[in-house]
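Hi,

Here is the structure I promised to pass on. Have a look at it first, then read my notes below.

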Amino acid sequence: MVFRKPPDGGWGWVIVVVSFFTQFLCYGSPLAVGVLYLEWLDAFGEGKGKTAWVGSLANGIGLLASPVCSICVSSFGARPVAIFSGFMVAGGLMMSSFAPNIYFLYVSYGIVVGLGCGLLYTATVTITCQYFDKRRGLALGLISTGSSVGLFIYAALQRELIELYGLDGCLLIVGALSLNILACGSLMRPLESSSSPPPDKMCVDKVPDQYFVYHEKEKTVEENISILEKGYIDEKCVNNVPDCKQDSILNKNVLSSINVNEKDTYKKKVVEQTNFCKQLAKRKWQLYLTYWKETMVLFKNRVFSALFVAILLFDIGGFPPSLLMEDVARSANIGEDDYYMPLISIIGIMTTVGKLILGILADFKWVNTLYLYVTTLLMTGVALFAIPFAKSYFTLAMLSGILGFLTGNWSIFPYVTTKTVGIEKLTHAYGILMFFAGLGNSLGPPIVGWFYDWTQEYDTAFYFSGFCVLLGGFLLLLAALPCWNTCTNQSSKLPPNTYSYKVASNA
C-alpha cells in the first residue's frame, strides 16, 4: 500500500486529539487498577500474586496480541478497529461489575478489556505515524500522554466512585464513560492513498466485480423467464383451457433450449471463477510466507534483537510500581493523614510530563533517541533499587514521580523502533516488540506479588525488578554501540513524496 507524503498537520492534529482521548478513555482504568486491586484483595480474599494477575493481564494481554492487532489494523484500517474495540473495553468493564470471583475478572477485565486496549493502542499509533513525519516525535508524545492523564484522573475518580457507589457501581460508570471511544474512533479518517494504485491490485479488484455482474445477469434472465412462463401459461389456461397443455409443452421446449446455452456459458464462468479463487488463495499464502520471512530478517538486526530483550525486562521490572505502589504504602504503615495524593496519581501526572519532554527531545537532530531510551532504562533500574529504602510518604512520592517520568519513554519507543527498522517495517516490528512488552507486563506484577507472599515484604521483589531493568538497559547499550550507524533505515531510499508501508500491505 502506498500513501502520499504525511501532511504533518491539517487533519493530522484532529487525529492527535482523538487518539489522545482514545488512550485516555481506554487506559485510564487499567493503568489505575491499583485502586481496584486493594478492593479486590478485600472482596475475594485471594493472595497478592493471584490478584495481581487481573491488572497485569489487562495491561499485558493487548500487548501480547500486538502481532494480531497489527494485522487487524493493516487489514481493516484504524477507524473500524477503534470503533469495534470501544465496545470491547466498555463491555468488559461493565461485565466486571458482576464478577462473582477472581477468575471471572481474569476474563472480563483482564482479557476483554486488555485486548480492546491493545487494538486501540495499535490503531492510534499507526494512524498517527501515517499522518506525521517531521513532527512524529511530538505527535506520539502528545497522544501517549492520554493514557498518563487517564491514570492521573482515574486513580482519584475510581477511589471517589468506590466510596459513593461501591466497587460494582464504579465499574459500571467507568464502562459507560468508555463508550465515548466510539465517537473518537469515527473521526480517525484514513490517510488518502496515491491516485495510481499498483497494476496487480487493479486486476484483482476488477475480476470479482465482473463475476458479480455476470451472476446478477444470470439471475435476472432466469427470473424473467420464469415470470414470463408463469404469466403466459396462466393467461392461456384462463382464456382457453384446451390449449393450455399444448402451450405449456411448447414453452418448456423453448426454455430448455435457452437454458442449455445459458448453462454452458455459466459453467465456463464457474470454471474461470474457480481458477481465479485458487490463484487468489495462492497469492495470499505467498504474502503470509513473506510476512514471516521478514519477521526472521528483523531478528538479524542486533539492535532490534537487543531491543526486544530490553523491553521484556523493562516491563517485568518497571510496570509493577504503577500497580502495587498503593499497597507498598499500606505495607509501610503510612497513615491516611500523611496521604496527600494517591501515589498512582503522582506516577500518572509525571508520566505525562515525561512523555511530552522525551517526545520533544526526540525531534531534535542532535539527540540520539536510542541512547536516550537506554538512559531512561538505567535510571529506572536505580530508582527501583531505592524503593525498599523508602519508609515515608515523601520518599515514596519522590520515587513515584521519578519512575513516572522515566516511564514516559513509551512516547519515544515507536520513534526508536522506526529508526531501527525503518518506517516501512514499523507496523511489523512494533507488533513483535509489543508482544514481548505484554509478556513482561503480564509476568511482572504477579512475580512481585509472589515475592511478597513468600517473604512478607517487598524489598526482595524490587531488588529483582531493578536488576531486570538494568540488565535490559546494559544489553541494549552494548548492542547499540558498535552498530548504531549501520542500522538500516530504508525510509531514506523511498521517493520524497511517498511512504510505502510494505508490511501493512502484506499483512
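**The largest cavity**

The lining of the largest cavity splits into 12 nonpolar, 12 polar and two charged residues. (Nonpolar means Ala, Val, Leu, Ile, Met, Phe, Trp, Tyr, Cys and Pro; charged means Asp, Glu, Lys and Arg; the others, Gly among them, are polar.) Before going on: this is a predicted model, where local features need pLDDT of at least 70 and side-chain atom pairs count only at pLDDT 80 or more, while totals for chains, interfaces and linings use all residues. Residues are numbered from 1 along each chain as its sequence is written, and side-chain values use heavy atoms, leaving out hydrogens and water.

A cavity here is a set of points, on a 1 Å grid over the protein atoms alone, where a 1.4 Å probe fits but cannot get out, and lining residues have an atom within 4 Å of a point. There are three cavities of 30 Å³ or more, and the largest has a volume of about 460 Å³ (the space filled by probe spheres set on the points, which are joined across faces, edges and corners). Of its 26 lining residues, Leu31, Phe319, Lys355, Thr407 and Trp410 are the closest to the centre.

So where does the largest cavity lie? Domain 1 (1-193) and domain 2 (273-483) both give residues to its lining, so it lies between them. (The domain bounds come from an automatic or database domain assignment.)

**Two helix pairs**

Helices are DSSP runs (H or I, at least four residues), numbered from the N terminus. Their axes are lines fitted to C-alpha atoms over the stretch in contact, with angles from 0 to 180 degrees between N-to-C directions.

The axes of α11 (residues 302-318) and α16 (residues 413-421) come within 10 Å and cross at roughly 160°. The two are therefore roughly antiparallel (an angle over 145 degrees). Their contact (heavy atoms within 4.5 Å) includes Phe304 of α11 and Phe413 of α16. It has seven nonpolar, two polar and no charged residues.

α12 and α15 pack at about 180°, their axes 12 Å apart, which makes them roughly antiparallel too. Here Pro321, Met325, Val328 and Ala329 of α12 meet Leu396, Ser400 and Leu403 of α15.

Cheers

Conventions
Angles under 35 degrees count as roughly parallel, over 145 as roughly antiparallel, 65 to 115 as roughly perpendicular and the rest as oblique. On a 1 Å grid over the protein atoms alone, a cavity is a set of points where a 1.4 Å probe fits but cannot get out, and a pocket is an open set with protein on both sides within 12 Å along at least five of seven lines; lining residues have an atom within 4 Å of a point.
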